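Welcome! Let us take a walk through this structure together, one stop at a time.

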Amino acid sequence: MSKRQGVAGLACIAAAMIAVGCGSDSNSGTSSASTPLKDQNAVIVHFGGSVGNAVEQAFGNPVAKATGMKITYDAPTDYAKLQTQVETGNVSWTVLEADPWWALQQCGKLLSPIPASVRTAEKIDPKYAAGACSVPGGTWSFNVAYDPKFAADPPTGWADFFNTKKYPGKRALWGSYAVNGALEGALLADGVAPDKLYPLDLDRAIKKLDTIKSDTTFFDTTAQVEQLMQNRQITMAITAGNQAGFSGGFNPVWNQSLESWDAYIVPKGANLTAATPILKNILTASAQTKFTSLIPFGGTLKTPLPPPTGVSKQFASWSSVLPAHREGAIPLDQEYYAKNYDTVNSRWTSFVQG
């Protein structure tokens, strides 16, 4: 499924990377301006799994090949470990895949601002510009995912997730992570208009979710929900479908999908010289085109990416690149979660454990 555009294009990117790699920003982390890129080391941290593989092949490996820089990988992203590295002054990670709300919350605290010259290297769609401390690398969404046995009369929206009479069977929700689409989905199913979702009415959302709790299985990782779908232990799920849904064999509902994206961040004290060419590559159409051919995410640039080719029908059905899948998508309010995560997480945890 790998797609990479032209050797000539890669050479041009390499030249641009080398040009920016000699810069420094005394407020943004450690710089090694006198050291050529081929002598630099970088560690990219991602969430793991199939997404991590795509990050490595599209965002990291081409930079190593073009510049001679040594790039290694770690997984999964761990905010507590990042905090420890920054607070002890022992930062070993260079660029991390992260949640946009967390990047907003920690900008200027645990994270270094990314120079404007990097963030404007390509024309970023302003919908995905989460503050000064991240660059957006790929969009994804929370969707209702359903067993293909319902394909003759498929669910068409969030209300169907709660309709256990028409669509019987166990539901699956991401129990260990509060920003999981379930609260927004419950409110949409209960009649809340998309432009009235925030601030979230947590009482109303939990009340709606209580109506299906006895039919709900909670999962902790995307790998677990993939297994639940593959083994047909559930009939519907709310999941980050681009990561799990297509490989789990379930079908997506795109009506009012809840859109988010991955933010790429640099810890305070990290080597910004090594981080810069990686960040700049993430913001190129060629890198994002490769990325979205490996995993069914969408692009974050103003210029639309081409649809993936040579992929399976199931992959295409989950792809966020396709315009029909992006129409009507509802963006998660990253500012809301940055300010209110602790409250939301507390209520969600009480619901799951209660």
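## A guided walk

Helix α7 leads into G191, a residue that follows the helix and has a positive phi, near 100 degrees. Helices here are DSSP runs of H or I with at least four residues, strands are runs of E with at least two, and both are numbered from the N terminus. Before going further, please keep in mind that this is a predicted model, in which local features need pLDDT of at least 70 and side-chain atom pairs count only at pLDDT 80 or more, while totals for chains, interfaces and linings use all residues. Residues are numbered from 1 along each chain as its sequence is written, and side-chain values use heavy atoms, with hydrogens and water left out.

Now step back into α7 itself, which covers residues 182-189. Its buried residues are A182, L183, E184, G185, A186, L187, L188 and A189. Buried means under 20% relative accessible area, exposed means over 50%, and partly exposed lies in between (1.4 Å probe, protein chains only). Because eight of the eight residues of α7 are buried, the helix is largely enclosed by the rest of the structure.

The next stop is a disulfide, that is, a pair of cysteine sulfur atoms within 2.5 Å. How many disulfides does a search of the whole structure find? It finds one. The partners are C107 and C133, with an S to S distance of 2.0 Å. C107 sits in the loop between α4 (100-106) and α5 (116-119), and C133 in the loop between α5 and β4 (135-146), so the bond ties together parts that are 26 residues apart in sequence. The torsion about the S-S bond of C107 and C133 is about 70 degrees, so this disulfide is right-handed. C107 is partly exposed, at 28% relative accessibility, whereas C133 is buried at 0%.

Finally, look at a pair of helices. Two packed helices are described by the angle between their axes and the distance between the axes. The axes of α2 (residues 49-67) and α12 (residues 285-294) come within 9 Å and cross at roughly 150 degrees. This makes α2 roughly antiparallel to α12, a label for angles over 145 degrees. Axes are lines fitted to C-alpha atoms, for helices over the stretch in contact, and angles run from 0 to 180 degrees between N-to-C directions. Where do the two helices meet? V51, A54, V55, Q57, A58 and F59 in α2 meet A287, Q288, K290, F291 and L294 in α12, where contact means heavy atoms within 4.5 Å.

Conventions. Angles under 35 degrees count as roughly parallel, over 145 as roughly antiparallel, 65 to 115 as roughly perpendicular and the rest as oblique.
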